Amino acid sequence: MSAMKPKHQRLVLVVLALIALVAAALLAVYALRNQASYFYLPEQMRDDPPAVGQAVRLGGMVEPGSLMTQSDGVTINFAVTGRESSRIPVRFSGIVPDLFVEGSGVVAEGRLGPDGVFLADNLLAKHDENYVPRELEGMGEHQAAEMAEETTVGLQ
């Protein structure tokens with residue numbers, strides 16, 4: 001039996017490389033499929049809820065007057081509302097972000113429970129466009145620009 005010609009050897013190597021690349025892509029897609037979390041607004045969750053236990057994100061506003069801390073001191077219950085006055089109850093156990101207050105924006109990562117309560121694993125508080133870092137509060141625009149310039153000089 002004779003050895004393969006160099007041209008055929010390159011063709012076999014290219015085919016094997018393509019097969020390996022496709023296999024790696026399929027493995028990545030399979031691994032990430034369970035990590036993907038879809039974003040829902042309260043109206044969307046009310047009209048077309050995700051499957052119970054599916055990882056999703058719920059975004060909206062924390063309904064004023066709905067925030068209650070349970071007796072364990074760690075678990076909170078609140079409601080997320082949307083534009084169409086739809087309301088989704090949420091339960092979260094853990095450390096609440098500093099910017100999390102009633103009437104503010106929130107994105108809750110978690111899953112919908114069988115009782116219709118959204119069980120959040122993580123809360124992301126959103127600030128409005130008027131947000132000013134604590135370090136810059138009370139400074140004029142000129143002073144804030146100087147401070148920003150001082151902090152970026154060392155990065156160059």
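Helices here are DSSP runs of H or I with at least four residues, strands are runs of E with at least two, and both are numbered from the N terminus. Helix α1 covers residues 6-33, and leucine 13 is found in it.

A word on the model before we go on. This is a predicted model, in which local features need pLDDT of at least 70 and side-chain atom pairs count only at pLDDT 80 or more, while totals for chains, interfaces and linings use all residues. Residues are numbered from 1 along each chain as its sequence is written, and side-chain values use heavy atoms, leaving out hydrogens and water.

**The surface**

Is leucine 13 buried or exposed? Buried means under 20% relative accessible area, exposed means over 50%, and partly exposed lies in between (1.4 Å probe, protein chains only). Leucine 13 has 58% relative accessibility, so it counts as exposed. Together with Met4, Leu11, Val12, Val15, Leu16 and Ile19, Leu13 makes a nonpolar surface patch of about 670 Å². Such a patch joins nonpolar side chains (Val, Leu, Ile, Met, Phe, Trp, Tyr) within 5 Å, from residues with over 30% relative accessible area and no salt bridge. Accessible areas come from the Shrake-Rupley method with a 1.4 Å probe, and for residues only the protein chains shown count as cover.

**The core**

Now let us look inside. A nonpolar core is a set of buried Ala, Val, Leu, Ile, Met, Phe, Trp, Tyr and Cys residues joined through side-chain atoms within 4.5 Å. The largest one has 18 residues, of which Met45, Phe78, Phe118 and Leu123 touch the most other members. Strands β2 (55-62), β4 (75-81), β5 (87-93), β6 (105-112) and β7 (118-126) each supply at least two residues of this core. Leaving aside neighbours within four places in sequence, phenylalanine 118 has contacts (heavy atoms within 4.5 Å) that include Met45, Val56, Leu58, Ile88 and Ala108.

**Salt bridges**

In a salt bridge, a side-chain nitrogen of Lys or Arg lies within 4 Å of a carboxyl oxygen of Asp or Glu. The whole structure holds four of them, including these:

| Pair | Closest N to O distance |
|---|---|
| Arginine 46 and aspartate 47 | 2.9 Å |
| Arginine 111 and aspartate 121 | 3.0 Å |

Arginine 111 in strand β6 and aspartate 121 in strand β7 are ten residues apart, and their pair links distant parts of the chain. Arginine 111 is partly exposed, with a relative accessible area of 31%, whereas aspartate 121, at 54%, counts as exposed. Glutamate 109, by contrast, is buried, with a relative accessible area of 19%.

Terms used: Patch = residues over 30% accessible without salt bridge, like charges linked within 9 Å, V, L, I, M, F, W, Y side chains within 5 Å.
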